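Please brief me on this structure. Keep it short and sort the points by topic.

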Amino acid sequence: MTRWTVVAEQESRDLWIGGRGPVLVFGFSVLLSAMTYLAATNQAMNFLEQREAVNLTVQVGLAVGVLLTVVVSADAISGERERGTFEALLLTPVSRRAIVVGKLAAAMTMWLACLAVTLPYLWVLGRGVAGAGQAALLALTVGTLVAVGLGGIGMLFSGWTNSNKTSLAGGLLLLLVLFAPTQLPALPRTGFGQVLTRINPIGSALHYVSQILVGRRGWTNDLSYLAAPVVVALVVVAVLIAAGPRLVRLTAGLR
Amino acid sequence: MNLLSLIATVVMASPTITMNQDQLTAQLGQTLTVESVVSESGPAIAHLNVVSLDGVYVDLEDWTQDVTQPVPAGRETQLDWEFQAVNPGHFAVYVVLIPRSGALVAGPPVHITVSPRQTLDTGGALPVAIAVPALLGAAALIGRLRRAARA
């Protein structure tokens, strides 16, 4: 087993056996249950709106799943500093890069758990419109890209600060800034809106998903919209690996 | 109206539209294709329209993404129209020709009966909406209780 997988395994165990992972996922499932029940009780829902319900579930699953991933990753380093448990981890015979990669991999298990929880709801809402399988595959591919990118940014915040509150606030503020433009209905239709949507990893990912699930376009038609999530994920992982030794310190700072 | 178009109007026969069928039945969500042939037309634009015969509101954008097609000048132009039945009920689908000059020409309607298909209901959603949080909540609770017992 490579070093980073040892760290990932230990961190995942801390998250899911001793930590808050199960409680966060439980809250996530309550949210999706409420949404699904409301959608199913809508007697006037027609065929197209059912596809939109599947799309909404993917979008909420992606947004909240990424939010929970950022919450976990933003706690990864600054949380250990605050709790005074980082010293023990630094004394283990693993490189600092392996610690960073292992912690990011553990944070990604939160996203995968959210995805697994979303699947039964997609199945219920997508029955009969052949949308459930496609929606699940979209959530897995597009959502994982967004989760890696933004989870990695959360970890960068965590490495740069000594306070857990600061890194969590930074991560959540970033998500808010990226998510807010997606709620403006007229944005993608203007030239400036197009640019803003394409450079926003969340906005472009949600737009791509909608185009396939509701617009019934092919997977390759709007592939350019995935440029931002792919670039952000690659750049963030590269920065984390390159800056790993500087991030994983007992105290944050440039020293 | 200039002299040339006046002559063209007098000389050319008036355009006609024919459809390849006059009645269709479909299930909600089914994709259908009808074929229209525009004859004796100058350059024009053909437009597809969907009307509910039950008074239900029809959003044309939901039914089809391609509602207009250009028609070149010629004896016969075949146009295929693909659309999806997104509302249950009785509908008429027809094509209107908008020539560069002159009056609109409407084709015969294709009557479509769309039968409803209930795929989403409270009964189907409720077990999942209850079971998933219940299982996850139980798992979280059991985990906490086991940890507390060990401590």
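This is a predicted model: local features need pLDDT of at least 70, side-chain atom pairs count only at pLDDT 80 or more; totals for chains, interfaces and linings use all residues.

Residues are numbered from 1 along each chain as its sequence is written, while chains are lettered from A and ligands numbered from 1 in the order in which they are written. Chain A has 11 helices and zero strands. Chain B has three helices and nine strands. Helices (H or I, at least four residues) and strands (E, at least two) are DSSP runs, numbered from the N terminus.

**Chain A overall**

- The elements run α-α-α-α-α-α-α-α-α-α-α from the N terminus.
- The C-alpha trace of chain A spans about 60 × 40 × 35 Å along its principal axes.
- Of the 255 residues in chain A, 47% are buried. Buried means that 20 or more other C-beta atoms lie within 10 Å of the residue's own; exposed means 12 or fewer, and partly exposed is in between, with C-beta atoms placed from the backbone.
- Among contacts in chain A with a separation of 6 or more, 82% join residues 24 or more positions apart. A contact needs C-beta atoms, placed from the backbone, within 7 Å.

**Chain B overall**

- From the N terminus, chain B reads α-β-β-β-β-α-β-β-β-β-β-α.
- Buried residues account for 23% of its 151 residues.
- Of the contacts in chain B between residues at least 6 apart in sequence, 69% join residues at least 24 apart.

**Annotated spans**

- UniProt (unreviewed entry) lists "transmembrane region" for residues 21–40, 60–77, 98–123, 135–156, 168–187 and 226–248 of chain A. Its positions are given in the numbering used here, feature names are shortened, and annotations may be inferred rather than shown by experiment.
- Residues 98–123 of chain A are 100% helix and 0% strand, with end C-alpha atoms 37 Å apart.
- Residues 135–156 of chain A are also 100% helix and 0% strand, and their end C-alpha atoms lie 30 Å apart.
- In chain B, the UniProt annotation "transmembrane region" (unreviewed entry) covers residues 124–143. The span is 100% helix and 0% strand, with 30 Å between its end C-alpha atoms.

**Nonpolar cores**

- The largest nonpolar core has 77 residues, and A:Ala135, A:Val142, A:Val146 and A:Val209 touch the most other members. Helix H6 (residues 96–126) of chain A gives the most to this core, with 17 residues. Such a core is a set of buried Ala, Val, Leu, Ile, Met, Phe, Trp, Tyr and Cys residues joined through C-beta atoms within 7 Å.
- Leaving out residues up to four places away in sequence, A:Val142 touches A:Ala205, A:Tyr208, A:Val209, A:Leu226 and A:Pro229.
- A second, separate core of 21 residues includes B:Leu28, B:Val38, B:Ala44 and B:Trp81.

**Bent helices**

- The 31 residues of H6(A) should span 45 Å at 1.5 Å a residue, and the end C-alpha atoms are 44 Å apart, which agrees. The expected span is 1.5 Å times one less than the number of residues.
- H6(A) bends by about 30° at A:Leu119, and a proline, A:Pro120, follows within four residues. The bend is the angle between axes fitted to the seven residues ending at a position and the seven starting there.
- Helix H11 (residues 227–247) of chain A has a kink of about 40° at A:Ile241, shortly before the proline A:Pro245.
- Buried residues of H11(A) include A:Pro229, A:Val232, A:Val236 and A:Leu240. Their cover includes H6, H7 (132–160), H9 (191–199) and H10 (201–213) of chain A.

**Single residues**

- A:Tyr37 lies in helix H2 (residues 21–41) of chain A. A:Tyr37 counts as partly exposed because it has 17 C-beta neighbours inside 10 Å.
- A:Glu87 counts as exposed, with 10 C-beta neighbours inside 10 Å.
- B:Gln84, in strand S6 (residues 74–84) of chain B, is in contact with B:Gly29, B:Thr31 and B:Trp63, leaving aside neighbours within four places in sequence.

Terms used:
Two residues are in contact if their C-beta atoms, placed from the backbone, lie within 7 Å.
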